[in-house]
Amino acid sequence: MRRLVRETVLTENDLVYPLFVCPGEGVQEPIGSMTGCYHFSPDRVAVEALEVAQLGIPAVLLFGIPGQKDEQGSEAWSPQGAVPLAIQAIKRACPDLLVITDVCLCAYTVHGHCGVLKERRVDNDATCALLAKVALCHAEAGADIVAPSDMMDGRIATLRQALEKNGFPEVAIMSYAAKYASAYYGPFRDAADSTPSFGDRRSYQMDPGNAREALAEMALDLDEGADILMVKPALPYLDIICRAKQEFKPPIAAYNVSGEYMMLNAAAEAGYIDREAAMLEMLLSIKRAGADIIVTYFAKEAAALLGGASA
Ligand code: PBG
Ligand code: ZN
C-alpha cells in the first residue's frame, strides 16, 4: 500500500556528483574539510567517473583547481587547465556520462572573488566577458552543460551568445540562478581554496531573507537563455525550490552544498543520527520540495543504496 501511494520517489537518476580536478598525473588527494572527497588529476578522475557511471548516476559536475592563480584567473580558460583535460579524459573513459562544468573565477583569482576587480569591487561586465571564455573553453573540450556559479548580472545572455556564435548551440546552461550568500559553503572553500582574501560575496550572492528576489533572478536567467535553474544551498532554501518549481516550467536543480554534507557527516560521526537514513531523508526532502536534479556529495553512496530501486 505504501509503495502504491507514495508521492515522491528518489532514484539515482536524480543525482549529480561533484568532482574536484587539479593539474598533474596520478593525483588522488583526500580533501581534509570534506570527508570522502578528493582532488583528482585528469587521469585519475576518469577512473572515478567510470565508477560514478556504473552506479547509474547520470552526471558529474567538475570544479577546477589551478596550478597558478592570477588577478584575472586566466588559467580558467586555458585549454591545458585541469578541467578541459578532465573532460576529455572522462569522455574517453565513459562517453555516456554527462559532463557539467562549473564556470567561475573564484578558485583561479589571487583575491578569491568570483569576478575580476576594479578598485576592490567586482567588475560585473568585465567578468561576464571572461566567463564566456571559460564556458567556450569547456565546450571546446566536450562539456555537455556549463554551470555558471558566479551570480554576475547578464552572464547567461553573454554565455548563450558566445556558445551560439562559436558553434556550440547544443551546449546547455545550468544557471546557479538563486545562489545565496550562505555560511554553508565553508568546507568547499577550503577544498577549492576559494575564500575571498577580503570582504565577502554579498555584493553578488543573494540575501537569505529574500524569496521574491530569487524568483526575479530566475525569471531573468530563463529569459537570457538558461536551460536549468538552480537553487543553492538546498536545505535552508526548500521554500525557494518549492516556489521555483511552481513558477517555472524548465527543470529545477538544487545544490546540497558542502556544509549540509559535513553537518550530517559530523552528526553521524558523533553518533547522534543514523547516517544512511538521514542522508536519504535529506535528499528525498529536496526532491519533494520540487528539485528535478540534486547536486550532492552523497550521490555515490545514495546511488549504491538506491541501486535501481527507490528510497
Ligand atoms: C562559488 C562557489 C561556491 C560553491 C561552489 N562554487 C560558493 C562560494 O564559495 O561562495 C559552494 C559549493 C559547496 O559548498 O558545496 N562560485
Ligand atoms: Zn565563484
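**Close-up views of a predicted model**

**View 1. The whole chain.** The chain folds into 11 helices and 12 strands (DSSP runs numbered from the N terminus: helices are H or I, at least four residues; strands are E, at least two). The radius of gyration is 18 Å, close to the 19 Å of the globule rule for 311 residues, so the chain is as compact as a globular protein of that length. That radius is taken over C-alpha atoms, and the rule is 2.2 Å times the number of residues to the power 0.38. Along its principal axes the C-alpha trace spans about 60 × 45 × 40 Å. This is a predicted model: local features need pLDDT of at least 70, side-chain atom pairs count only at pLDDT 80 or more, and totals for chains, interfaces and linings use all residues. Residues are numbered from 1 along each chain as its sequence is written, chains are lettered from A and ligands numbered from 1 in the order written, and side-chain values use heavy atoms, without hydrogens and water.

**View 2. The surroundings of ligand 1.** Around ligand 1 are 17 residues; Arg189, Arg201, Gln205, Ser258 and Tyr297 come nearest (near: a heavy atom within 4 Å).

**View 3. Polar side-chain atoms at ligand 1.** Tyr297 places a side-chain N or O atom 2.6 Å from a ligand 1 oxygen. For Arg201, a polar side-chain atom is 2.7 Å from an oxygen of ligand 1. Ser149 has a polar side-chain atom 2.9 Å from a nitrogen of ligand 1. Taken alone, ligand 1 exposes 400 Å², and the protein buries 100% of that (Shrake-Rupley method, 1.4 Å probe).

Note on methods. A polar contact is a pair of N or O atoms within 3.5 Å; within protein, one must be able to donate a hydrogen and the other to accept it, and residues adjacent in sequence count only if both atoms are side-chain atoms.
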